[in-house]
Amino acid sequence: MNSSLYPNPLLNRLRRNRKNASIRELVSETTLSASDLVYPVFLMEGKNTEEPIHSMPGISRKTIDLFLEELKEIVNLGIRAIAPFPVVPESKKDSKATGSYDPEGLIPECIRQIKEAFPELLIMTDVALDPYNTDGHDGLVSDSGEILNDQTVEVLCKMALCHAEAGADFVCPSDMMDGRVGAIRKALDQAGYTSTSIMAYSAKYASAFYGPFRDALHSAPKAGDKKTYQMDPANKLEALREVEADISEGADIVMVKPAGPYLDVISNVHSTFPIPVAAYQVSGEYSMIVSAAENGFIDRSSVILESLIGIKRAGATMIWTYFAKEAAILLKK
Ligand code: PBG
């Protein structure tokens, strides 16, 4: 750029492109629409019941019947994808996470019911053991407290197959074990599910922003933390290695998570690899915005849209967000 073209700074009036709403829309570099959003939801067993989640004001755990009623509105708003997460009763958890591949479990059941009512809505299921595991870890835990990689991958393959059989469009490994994307791809292909997609949580950081989610699912680890498998927040090059590995193993979409504090990572992944990038605006990001707005410190609607456009501007192709429905309503206005 030749800045000497404009010797007098007043000739270069950048404000002309901001003069009115029509010009601002004309020159806008980033767009946000309902079809960019994935709606994560918390489902529980039973009928006609809903429980507010204390640390996520406005979000509830719901039984499938209640969620199906809400779905009509969600689909009409133009949201194309949902991500169901199961609240598993303590009595159905064990140390081998066997509930994770039970074909009669909550997730396969909800996939079947949702697909029957809304065949076009995409269902993206989480593949990780934490909600089903008494230890609360994403992998199997050895007697000495180690998270076992290869043994976990075997269970993850069963879980992914169980979701594919029920009709999931995407299985989304969020466990951060090594080699799981390739193993899941192979298991799906061998069983004939060559069209079931994989969205890999590729650059998933060991983040304190997941706190409210673990509260929602009662899935916090009983001992230790997730730092031997989730990434160190200090690292950015390592995210590219994780993404590269997942792409080479067959991921269709890669994810960066959380979103807001990791915009540089989203940007790097987007500019380095020719693959769609999902970003997950996680539970803690949601709750921070909601609680600041409830205190009157910030304007809720504006901050929601600004946080989402920022994530898209960084390079995200799609955004997982608990604000999906609210944002879709705001975008309609
Ligand atoms: C499970 C999983 C987690 C989230 C999504 N999938 C929690 C974790 O890894 O501890 C977090 C989502 C959120 O905070 O909104 N592996």
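Which cavity is the space taken by the ligand? In this predicted model, the space that the ligand takes up is the largest cavity.

The shell around the ligand can be sorted by residue type: eight of its residues are nonpolar, three are polar and seven are charged. There are 18 residues around the ligand, and those that come nearest are Lys204, Arg214, Lys226, Lys257 and Tyr322.

In the side chain of Lys226, an N or O atom is 2.6 Å from an oxygen atom of the ligand. For Arg214, an N or O atom of the side chain is 2.7 Å from a ligand oxygen atom. Ser174 has a side-chain N or O atom that is 3.0 Å from a nitrogen atom of the ligand. As for the surface of the ligand, it exposes 400 Å² when taken alone, and the protein buries 100% of that.

The next topic is the cysteines. A disulfide is a covalent bond between the sulfur atoms of two cysteines. How many disulfides does a search of the whole structure find? The search finds zero.

To count as a disulfide, the two sulfur atoms would have to be within 2.5 Å. Cys162 has a relative accessible area of 7%, so it counts as buried.

Cys172 is in no disulfide either, and the nearest cysteine sulfur, which belongs to Cys110, is 13 Å away. Is Cys172 buried or exposed? With a relative accessible area of 0%, Cys172 is buried.

Notes:
Residues are numbered from 1 along each chain as its sequence is written. This is a predicted model: local features need pLDDT of at least 70, side-chain atom pairs count only at pLDDT 80 or more; totals for chains, interfaces and linings use all residues. Side-chain values use heavy atoms; hydrogens and water are left out. A residue is near a molecule or strand if one of its heavy atoms lies within 4 Å of it. A polar contact is a pair of N or O atoms within 3.5 Å; within protein, one must be able to donate a hydrogen and the other to accept it, and residues adjacent in sequence count only if both atoms are side-chain atoms. Accessible areas come from the Shrake-Rupley method with a 1.4 Å probe; for residues, only the protein chains shown count as cover. On a 1 Å grid over the protein atoms alone, a cavity is a set of points where a 1.4 Å probe fits but cannot get out, and a pocket is an open set with protein on both sides within 12 Å along at least five of seven lines; lining residues have an atom within 4 Å of a point. A molecule sits in a cavity or pocket if more than half of its atoms lie within 2 Å of its grid points. Ala, Val, Leu, Ile, Met, Phe, Trp, Tyr, Cys and Pro count as nonpolar, Asp, Glu, Lys and Arg as charged, and the others, Gly among them, as polar. Buried means under 20% relative accessible area, exposed over 50%, partly exposed in between (1.4 Å probe, protein chains only).
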